[in-house]
Amino acid sequence: MNLGVGGPLGRARRIVFKVGSALLVDAATGAANRPWLEAFCADAAALRAAGKQVVVVSSGAGALGRRRLGLSGRKITLPEKQAAAAAGQSLLMRAWEEAFEPHGVGVAQILMTRDDTETRRRWLNARATVETLLSLSVVPVVNENDTVATEEIRYGDNDRLAARVAQLAGADLLVLLSDIDGLYTADPRRDPTATHIARVTEITPEIAGMAEGANASAGVGTGGMATKIAAARIARAAGCATLITLGSRPRPLAAIEEGAPATLIEAGASPAAAYKAWIAGSLAPQGWLTVDAGAAAALAKGKSLLSAGVRAVEGPFDKGDAVRVRDETGHEVARGLVRYDSADAHKIAGLRSDAIEAELGFTEGPMIHADDLAVGS
Ligand SMILES: Nc1ncnc2c1ncn2[C@@H]1O[C@H](COP(=O)(O)OP(=O)(O)O)[C@@H](O)[C@H]1O
Ligand SMILES: N[C@@H](CCC(=O)OP(=O)(O)O)C(=O)O
């Protein structure tokens, strides 16, 4: 089997897989669905062997925890739900550990709430953690931190969480493994004439309406496909394509490569370009760095901004904030996410990189890393 060579997975470099509770938890017993996990992990290990990086966003804590705490079969309160998530999360991680173990693949747990992707400092921290885990060849397994999340800071569904993780990780493909093989012109459970859509180049109101229409007409709450299209919209804007397909096939990922039906929602731009556009356009800059001519020329060539080239610092700003960079004539040359707060930036302005640690007692590297710089206006 040529997993990870020619199909949609083969063309991607870094892939986020979202696995829903229905796949992970055996409906009959309420326990983890081990045969499914084993099949998924065998395929994911083959993808990794083909050079792909894999991140998993896994639901199932609530369902597994209910069984462990004897709360199955009745309506439960919010504190009971949060307790179930606490009890189930360790079972969930154990199931992932055990399924990846025969392939010599390690896993690491990341629990997130919405403010981890909306507060810039936390976002940068979470990103560094994911990056480090991937560089250590470990599979990050992400879930919402349901035990502590309140309504205001919840993503609420793992489709959107997975899209944010894809954005954070700079992934180029988000795969939503569902109970259906993709988007149809209407909900096929209600409308047998609905037809499958294999490719979406743009999320038009018509496309969004297909996912929402069935629920709107039935007058019930938000439906499964609508959150998947919302997730695809987030991913698309971050330069990441989304593939929605059936997760319950015997070899769930090999099937994708072999051309099983799926809906592919194309990315808007590359992840790096989308990230730079976000830095340049969506973040309110908090201050200024004035740089010398040598540094301005280095930035134009795509290099990082080193402290040595910084002449003046105007704050206040925090570590991780967006700042504007201007040359000595006052012309704005770039925007970027600064690695030091304004007090520290002031202390190291003009210093060579190897002198930073002696001055501050630590170093975060360049003033602004090239990856976090949007050059030109
Ligand atoms: N236009 C549509 N195309 C496909 N599925 C749709 C559409 N509109 C609503 N749905 C419903 O969305 C469901 C998938 O969402 P959901 O059950 O939440 O999946 P998951 O458990 O993978 O998160 C399908 O089974 C289908 O009934
Ligand atoms: N974070 C929750 C799952 C949330 C969720 O979106 O579930 P699902 O619709 O099954 O993907 C849990 O682990 O129980």
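**Entry 1: terms and model**

I call a residue buried if 20 or more other C-beta atoms lie within 10 Å of its own, exposed if 12 or fewer, and partly exposed in between, with C-beta atoms placed from the backbone. I am working on a predicted model, where local features need pLDDT of at least 70, side-chain atom pairs count only at pLDDT 80 or more, and totals for chains, interfaces and linings use all residues. Residues are numbered from 1 along each chain as its sequence is written, while chains are lettered from A and ligands numbered from 1 in the order in which they are written.

**Entry 2: Ala186**

I looked up Ala186 and found it in the loop between strand E5 (173-178) and strand E6 (199-200). Helices (H or I, at least four residues) and strands (E, at least two) are DSSP runs, numbered from the N terminus. Ala186 counts as partly exposed because it has 19 C-beta neighbours inside 10 Å. I then checked Ala186 against Ile207: they are 21 residues apart in sequence, and their C-alpha atoms are 9.7 Å apart in space.

**Entry 3: ligand 2**

I did the listing for ligand 2, which 13 residues surround. Ser21, Ser59, Ala61, Gly62 and Asn158 are the closest. Helix H4 (61-68) and strand E4 (139-144) each supply at least two residues of this shell. The largest share, three residues, comes from H4. By class, I noted three nonpolar, seven polar and three charged residues around ligand 2.

**Entry 4: a sheet**

I traced an open sheet of five strands in the order E10-E9-E11-E12-E13, with mixed pairing. Two strands pair if DSSP finds at least two bridges between them. Strand E10 (310-314) and strand E13 (373-375) each have a single partner strand and stand at the edges, so one side of each has no neighbour in the sheet. I also followed strand E9 (residues 288-291), which runs antiparallel to E10 and is joined to it by four bridges. In E9 and E10, I found Thr290 opposite Ala312.

Technical notes: A residue is near a molecule or strand if its C-beta atom, placed from the backbone, lies within 6 Å of it. Ala, Val, Leu, Ile, Met, Phe, Trp, Tyr, Cys and Pro count as nonpolar, Asp, Glu, Lys and Arg as charged, and the others, Gly among them, as polar.
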